[in-house]
Amino acid sequence: MKKLKVIFFVIFTALFYPLISSQIDIAYAANKETSNLLKNGGFEETIENKEWLNSQGPADWSQWKASGDPELVVDNQISHSGKQSIKIQASSDSRASVEQDVMVIPGKEYKLSAWVKTDKVTSNHGARLRLTFLGDKKVYEYSNEVTGTSDWKHIEKIVKVPEGYNTVRIQNFLEKGTGTVWFDDITLEEWDSSDKDKESSFSFESGVPDAFSTDSGSTIKTTEARYKDGKNSLEWTFKADSQLTINNPIDLKNMNKDTFGIWIYNETPINDELIFDFGSNGKTDASFTFNLNFTGWRTAWVPFHDMEGNPNFNMNTISITAPKSVTEGKLYMDQMVLSNPVDPRYPTRDVQVPFVNIEADQSPNAHWLSLYKFDSLLPKSYEANTTEEDRSSLQTIEDRYKEFELREAEEVTNQYMKNIQEQFASYKITRGNNAITGRPVNLKNIKDIYPKESYDEIEKLVNGIDVRDYTDFMKEVAVAYHTTDNETYKSELKSMFLDLLEHMHDQGWAWGSSLGSMHHLGYNMRGYYPAVVLMKDELKEAGLLNRTQKMMSWYTGIGRIYEDLNKNYANIDILNTTLKGMVATILVEEDKEKQIALLERLRDWLNQGLLPAPGLMPAFKPDGSAFHHMGFYPAYARDAFEGMTPVVFMLSNTTFHISEEAHGMLKKAVLASRLYSNKYEWLIGVAGRHPTNRLHLESFAFKYMALAGTPDGKEDIDPELAAAYLRLVEPENVDETTMRLKSMGYKAEAAPNGNWTMNYGVLALHRRDNWLVGVKGHHRYHWSNEIYSNANLFGRYTTYGQIQILGKGNPVNYLDSGYTQEGWDWNRWPGTTTKHLPIDKLRAKSTTEMLLTDESYAGGLNIEGENGMFAMKLHEHPKYDESFRARKSVFMFDNRIIALGSNIENTDQQHETETTLFQNHMVDKKDPVRVNGKKVTDFPYENTLNGNKSVWMLDNKDNGYYIPAGQEIGIHKETQHSRDQKDDRDTQGDFATAWLKHGKSPDKGSYEYAILVDSNPAR
């Protein structure tokens, strides 16, 4: 069965990942077992019902509209689980509910619960549940309520049925008010208050819980000897085949997501396993095994659907059976979570629970989660024809690596050392009784297992240290150790480092351990690897190097280099976060033959992975675009460049240097990044979910690619990259390399001029002098935008043919060129043809969105790299308006841009369709625009030009516009009110904007206009 699931998942991911991105746990949307007394509580079944919007209503439910004019609809775009939810929306004061009658037993207790999501709900009572007991006199009970804007929240009400009543009406209410509410996963179940003391998790801070018992062959007690949260854990002393039993309802609710979690500490490795049995009524319903071949802490997240057997909603007992192969033993347990919903994509298998989430090995997150698989790919033995040149190259690489990591070392002053001492003391690491203890070291993901009802309590008890902060501190200690000449400090720093390393290992950061979930691991371990390289000799002296190297091998997933090279596509995340760690793993290996064999394989892996990848696969394309999330993504590319260019430099001019083809491709991608950026800020159309200047181009990658020499290895410095670096190097980053390149006669290049097409990224670039014009579209293979629940919320239109001019400022930047998100009208990106929607209708409907179109025609071409054009067929995704179409073309000749549009159509009779000429931020309200030679300084200002004659305009950024007669033009200068793309807060700003009006529901609409870039009134 599991094999079939894997095959299905592989096929599903390959075919549909471009549509669903990195979201949606749809692979697990199976039928859910339930003890729910309500029918169709997840609203997955619909029937034809004309009372409902779209004539489709939920089976077994009816609607009630008490007042106002609310809209009730089955929403197939937003859901808590499955594919659908119920949405109630009201623009004026309204009261409405969705309801179902259920037979109940008088005097018996029931629990009603649901998941609720709200958007701008304003009302005295908001969104809530009501139970109406039907009889001669109705009796009402209400749940807690949700108002305002909120992501999915769980609400519930426990009631006792009044005597004499046997029917209850369940109602999901939007009480009198406005806004939008979604209801999903509504459950009515029998309840027993005698279970009011049942626990969803155990932290053992108040002694042994009553629910815990053992057989005569074992004992349990709480102890302060070990702990994962608070100050105590449960100590279980056992004999062979002993049993520890927990009599407590498991409270399983969601078979797709609910997960069991536990931490276990083992003082002595045992080549055997624990058996966990989950049952009810004296029988075992589900089980799993947990390997004990380790020391220290280990955790396991085991989804119930990954267990053997048939878990059910009535399970109320856990039996843990001790290993059979030992006469006696002892284990410590802490933070036991009986059942909690966890995103099914992220539990990660390891040596303790190798059966968990095997499907992840073929998923989009495999580069993070497949550590067990990668480790299994490592050879059992290594052979290499070692030469003296190889050994010399190894030393060169290690020297360069250390020099790189020590390049920004600070002087270790008394104050600096005091700061380090205080930081170390805050971790509370102590040794005693053959143990090392301290604050837990955790990946942020560990919190995903905490039950909501006890989340704050557990987080407070844990008092953990983020592993990212912890490992960055380890690197700081290692750098200080190598920097100081103070022998007293040096001795203390060495002792600190060994304690840090030992404590981290004891906490479960060890070979074979995945700590529940490894999602986004790479971003959180980058300090660890260089720290170990710097302390290599000290670790060897302490007898810890081999164990540490093995641990690094596991967390870097270095076994990935032994995957089939013919199917190897470099992953941007790994190049960014983990590649340097992979090199470090090799450098601390003590076996020289193994070192060389691994380096040779890493070189071959890079040689293949850096070549242009087919289709939508990562990472690089022949035109220099860099792909991540199935699209062109400079924000991720920049970080990947920073991760891999130092490695290419370290390997250069050694026996392990990468191939000319791979080096050349990387060089092209790095150089391309300066074409679609001006000077440091890249075009908004390629900014993905980050339409801000927070992420931008940096000179770092150009520096190390220049130092890596030419791809053919004939020159130690790459002249083209050196010139690009000298133009881009930031004043604060001028260093010895900068001065050395200048002393060698290298000079900064002029700003690039010409025309480039990057059709893999659906992008055309046109540059003259110091300005850049970028034209961006999308098609059926490349998404139009990336939207997350907390990023780019209003970014639907960014690639609807945007023409962005980046040409103002020193250096050139967004703000001086006219763009800032404060007050920005997200409907009006220059050059785009859009419908002008109210901000709430423009807001994305999903928490993750990467929409495609069915049109494949979009892209550009150029004539000898000087001038060019771009064209696209625009067809909006049916999620919004599939009637919306347009054909758009842009021609670029020197400083003239000609924009043409035709066949503009949609059936929307409520909203105006427009093509935006410009929208520019105004530093001063008096900033002028010129219309047919007339200087307009009024503010606010609004005008409509009816198209009786041609119009010349000059915007407040010195770009001229010629609009032939026959086109209606809107223009205003005003304070605009908008929303922040990240957190939905209100924003405002002063803007000058002009647009062409196509009217409502246009049919065969068109436009034509020309732009004279960097113009003036005289021209």
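A salt bridge is a side-chain nitrogen of Lys or Arg within 4 Å of a carboxyl oxygen of Asp or Glu. The structure on display is a predicted model, and a search of the whole of it finds 58 salt bridges.

Select arginine 689 and glutamate 786 to begin. Their side chains meet in a salt bridge, at 2.9 Å from N to O. Arginine 689 lies in the loop between helix 16 and helix 17, and glutamate 786 in the loop between strand 31 (771-776) and strand 32 (787-788), 97 residues apart. Both residues are buried.

Next, select lysine 444 and aspartate 466, another salt bridge, whose closest N and O atoms are 3.8 Å apart. Lysine 444 is in the loop between strand 25 (441-442) and helix 6 (455-462), while aspartate 466 is in strand 26 (residues 465-466), so the pair ties together parts 22 residues apart in sequence.

Now turn to helix 17 (residues 700-707) and helix 15 (residues 634-651). Their axes come within 8 Å and cross at roughly 15°; the two helices are therefore roughly parallel to each other. Among the residues in contact are Phe641 and Phe649 of helix 15, and Phe700 and Tyr704 of helix 17. By class, this contact has 9 nonpolar, 1 polar and 1 charged residues.

Keep helix 17 selected: 8 of its 8 residues are buried. The elements that cover them include helix 4 (388-405), helix 15 and helix 18 (719-728).

Finally, select glycine 709, which follows helix 17 and has a positive phi, near 85°.

Key
Residues numbered from 1 in each chain as written. Predicted model: local features only at pLDDT ≥ 70, side-chain atom pairs only at ≥ 80, totals over all residues. Heavy atoms only, no water. Axes fitted to C-alpha atoms, helices over the stretch in contact; angles between N-to-C directions. Helix = DSSP H or I, 4+ residues; strand = E, 2+ residues; numbered from the N terminus. Parallel < 35°, antiparallel > 145°, perpendicular 65-115°, else oblique. Contact = heavy atoms within 4.5 Å. Nonpolar A, V, L, I, M, F, W, Y, C, P; charged D, E, K, R; others polar. Buried < 20%, exposed > 50% of the residue type's maximum accessible area, 1.4 Å probe, protein only.
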